[in-house]
Amino acid sequence: MVIDDSSAMRLILGRIMRGLGFDVVEAPNGAEAIARLQSGSMPEIALVDWNMPVMDGLAFVNAVRKEEKWRQITLMMVTTESEQSQIVRALAAGAHEYVIKPFTPDAIADKLALLGVLAY
Amino acid sequence: MTYIPSADDLEVITREVWTSFLDGDPAGLLSGSDGVGAERVTGCVHLSGAYTGSIMLACSAPAARDAAAALFSMQPDAVTQTEVIDAIGELANMVGGNVKSMLPGPSALSLPAVVHGQLAVPGAQMVREVHLTWRSEPLVISLWQQAAQAA
């Protein structure tokens with residue numbers, strides 16, 4: 001699942017993920033992503049932007065981590081928020097990895113491999 | 001004394017964003033330009049907190065259209081205004097977020113705002129500016145600081 005309010009960024013990340021063999025669903029903010037999860041979508045991994053309208057990425061991570069049934073979803077922040085304190089907040093909330101924009105496709109693939117959701 | 005990223009810092013950050021998402025070629029973005037005319041698109045993100053101010057990305061309308069075309073992998077003449085706004089907003093967000101990491105923190109980063117034309121930031125003064133050229137079109141990145149902090 002790719003969650004980002006920029007449709008250009010959803011397109012870029014979606015293309016990278018499809019290229020790595022994933023089926024991709026998209027959401028423009030955390031609230032719509034939660035709605036997709038509630039309707040039965042169960043992604044292996046969610047790539048989550050931080051700054052989004054309606055529900056931001058940190059609130060999404062907190063909401064997902066509160067629900068036992070969503071515990072197996074791997075959460076990776078993909079965001080311009082690069083302050084150390086923000087990275088610590090996201091990881092403390094339950095994000096597994098953190099990628100700072102701009103990124104390369106290889107950087108995304110490397111992080112996914114580190115998380116064990118991508119076999120090289 | 002507050003450290004303010006230099007014009008070179010702004011250029012390095014912009015070059016990294018452009019290389020990652022638009023050109024793949026560091027030489028595609030040239031230093032210097034004659035400035036952006038009235039027919040411009042401006043993207044802006046605001047910072048509030050330890051540093052209060054704004055980061056603006058202004059470019060000519062053709063540069064904005066070409067940037068959107070590159071991000072969306074489209075032909076420039078097929079790009080809509082919605083795609084231009086999305087693309088310039090995301091580019092301003094990426095440049096702004098990386099500039100923010102060099103400023104005193106913590107600060108909150110706003111969602112990007114995009115306008116056709118010039119954008120004014122009431123009570124702020126420009127502290128850094130860098131002029132660039134992409135595909136023969138001008139691009140200007142500027143950092144603004146709220147006057148009370150700048151004093």
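Because the model is predicted, local features need pLDDT of at least 70 and side-chain atom pairs count only at pLDDT 80 or more, while totals for chains, interfaces and linings use all residues. Residues are numbered from 1 along each chain as its sequence is written, and chains are lettered from A and ligands numbered from 1 in the order in which they are written.

Let us start with chain A and its sheet. Helices (H or I, at least four residues) and strands (E, at least two) are DSSP runs, numbered from the N terminus. In chain A, 5 strands form an open sheet with parallel pairing, in the order β2-β1-β3-β4-β5. Two strands count as paired if DSSP finds at least two bridges between them. At the edges of the sheet are β2 (26-27) and β5 (97-100) of chain A, each pairing on one side only. Strand β4 (residues 74-79) of chain A runs parallel to β5(A) and is joined to it by 4 bridges; there, A:M76 has A:E97 as its bridge partner.

Now for two helices of chain A. Helix α2 (residues 30-38) of chain A and helix α3 (residues 57-66) of chain A have axes that come within 9 Å and cross at roughly 25°. These axes are lines fitted to C-alpha atoms, for helices over the stretch in contact, and the angles run from 0 to 180 degrees between N-to-C directions. The crossing makes α2(A) roughly parallel to α3(A); angles under 35 degrees count as roughly parallel, over 145 as roughly antiparallel, 65 to 115 as roughly perpendicular and the rest as oblique. From α2(A), the contact uses A:G30, A:A33 and A:I34, and from α3(A) it uses A:G57, A:A59, A:F60 and A:A63. Residues are in contact here if their C-beta atoms, placed from the backbone, lie within 7 Å. The residues of this helix contact comprise 5 nonpolar, 2 polar and no charged, where Ala, Val, Leu, Ile, Met, Phe, Trp, Tyr, Cys and Pro count as nonpolar, Asp, Glu, Lys and Arg as charged, and the others, Gly among them, as polar.

A:W70 is partly exposed, with 17 other C-beta atoms within 10 Å. The cut-offs are simple: a residue is buried if 20 or more other C-beta atoms lie within 10 Å of its own, exposed if 12 or fewer, and partly exposed in between, with C-beta atoms placed from the backbone. Not counting residues up to four places away in sequence, A:W70 touches A:L37 and A:V64.

Of its 10 residues, 8 are buried, so β2(B) is largely enclosed by the rest of the structure. It runs antiparallel to strand β3 (residues 53-60) of chain B, with 8 bridges joining them and a hairpin of 3 residues between them. B:R40 has B:S60 as its bridge partner in β3(B). β2(B) also pairs in the antiparallel sense with strand β5 (residues 113-116) of chain B over 4 bridges, and B:C44 stands opposite B:A113 there. A further antiparallel pairing, of 3 bridges, joins β2(B) to strand β4 (residues 107-109) of chain B, where B:L47 stands opposite B:L109.

What about the interior? The largest nonpolar core has 75 residues, and A:V48, B:A67, B:I88 and B:V95 have the most contacts inside it. Such a core is a set of buried Ala, Val, Leu, Ile, Met, Phe, Trp, Tyr and Cys residues joined through C-beta atoms within 7 Å. Helix α3 (residues 81-100) of chain B supplies the largest share of this core, 8 residues. Leaving aside neighbours within four places in sequence, B:I88 is in contact with residues including B:V41, B:G43 and B:V114.

Finally, some backbone details. Most residues other than glycine have a negative phi, and most peptide bonds are trans. A cis peptide bond, with omega about 0°, joins A:K101 and A:P102, and the bond from B:G105 to B:P106 is cis, with omega near 0°. A:V54, which is not a glycine, has a positive phi of about 70° and is exposed, with 11 other C-beta atoms within 10 Å.

Key: Two residues are in contact if their C-beta atoms, placed from the backbone, lie within 7 Å.
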